[in-house]
Amino acid sequence: MSSTDATIGCYSSLQRICQAVDFIDATAFSHQRAFVIEVMGRHCGWLALMAGVSTGADFVFLPEKPPAENWEEDMCKIIKKHRELGKRKTIVIVAEGAHDMELQKISPTKVKDLLSKKLGLDTRITTLGHVQRGGTACAYDRMLSTLQGVEAVKAVLDAKPDTPSPIIAIIENKIVRKPLLEAVKLTHEVADAIGAKDFARAMGLRDAEFAEYHAAYMITTQTDNSKTLLPPEK
């Protein structure tokens, strides 16, 4: 949802994904396998990105930020380099709505075939499905829903007949009210921007931290970027 840094349940879903990847990690490490893991996100790559950051995935695919045109070579180069550095497992996170710059779907099967044929990795696909939506809520979601619930009651008590319906949001750890219809409109605009291949706007419609997390994640996957290296004398 646009206009808020988090919605109730998103961190619980993220925790479920991280738990699943942790379980898969044991098999991937012991058998030196690669796993392609499909997560929720038809128009929103938040879960895929945050799962990539949280689990140290080798590569992620997001609807808002498609990979470069030569993504097949880029992905294989990064994963090959990680393997050469001694990494015994490979994890690739794919949002269900992932696609390339031309909006051609990037499926887990396509990624698996690349890893198997180009890098010779024993690769498996795991689609987490509705497991991501179940289970008990994490502590953050319990606190968030309580704080937002209090603010929702205050909003009802403050409301007049002409008061626009609000969404109770959290922005930079502050509970705030935002116009509901505007939030829904902006959320739909993300899908519209993606459909129009305006990926910069799609990224901009997410909260400010989304692009920062993506930039930080990309730095963690790079192993030979000269721009991130200090001069020899330092």
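Author: By class, the residues that line the largest pocket are 11 nonpolar, 15 polar and 8 charged. The model is a predicted one, and in it this pocket has a volume of about 940 Å³. Its lining consists of 34 residues. Nearest the centre of the pocket lie Met1, Met40, Gly41, Cys44 and Leu47.

Four elements each supply at least two residues of this lining: helix H1, strand S1 (34-39), helix H2 and helix H6 (180-195).

Two of these elements, H1 and H2, also pack against each other. Two packed helices are described by the angle between their axes and the distance between the axes. For H1 (residues 10-31) and H2 (residues 46-55), the axes come within 10 Å and cross at roughly 50 degrees. The two helices are therefore oblique to each other. The crossing of H1 past H2 is right-handed.

On the H1 side, the residues in contact are Cys10, Tyr11, Ser13, Leu14, Ile17, Cys18 and Val21. On the H2 side they are Trp46, Leu47, Met50, Ala51, Ser54 and Thr55. This contact has 10 nonpolar, 3 polar and no charged residues, whereas the pocket lining includes 8 charged ones. Leu47 belongs to both descriptions: the residue meets H1 and is among those nearest the pocket centre.

As for the whole, the protein has 8 helices and 6 strands. Along the sequence they follow the pattern α-β-α-β-α-β-α-β-α-β-β-α-α-α. The C-alpha trace spans about 65 × 45 × 35 Å along its principal axes.

Conventions. Residues numbered from 1 in each chain as written. Predicted model: local features only at pLDDT ≥ 70, side-chain atom pairs only at ≥ 80, totals over all residues. Heavy atoms only, no water. Axes fitted to C-alpha atoms, helices over the stretch in contact; angles between N-to-C directions. Parallel < 35°, antiparallel > 145°, perpendicular 65-115°, else oblique. Left-handed = near helix turned anticlockwise from the far one by under 90°. Contact = heavy atoms within 4.5 Å. Nonpolar A, V, L, I, M, F, W, Y, C, P; charged D, E, K, R; others polar. 1 Å grid on protein atoms, 1.4 Å probe; cavity = no way out; pocket = protein on both sides within 12 Å on 5 of 7 lines; lining within 4 Å. Points joined across faces, edges and corners; volume = space filled by probe spheres on them.
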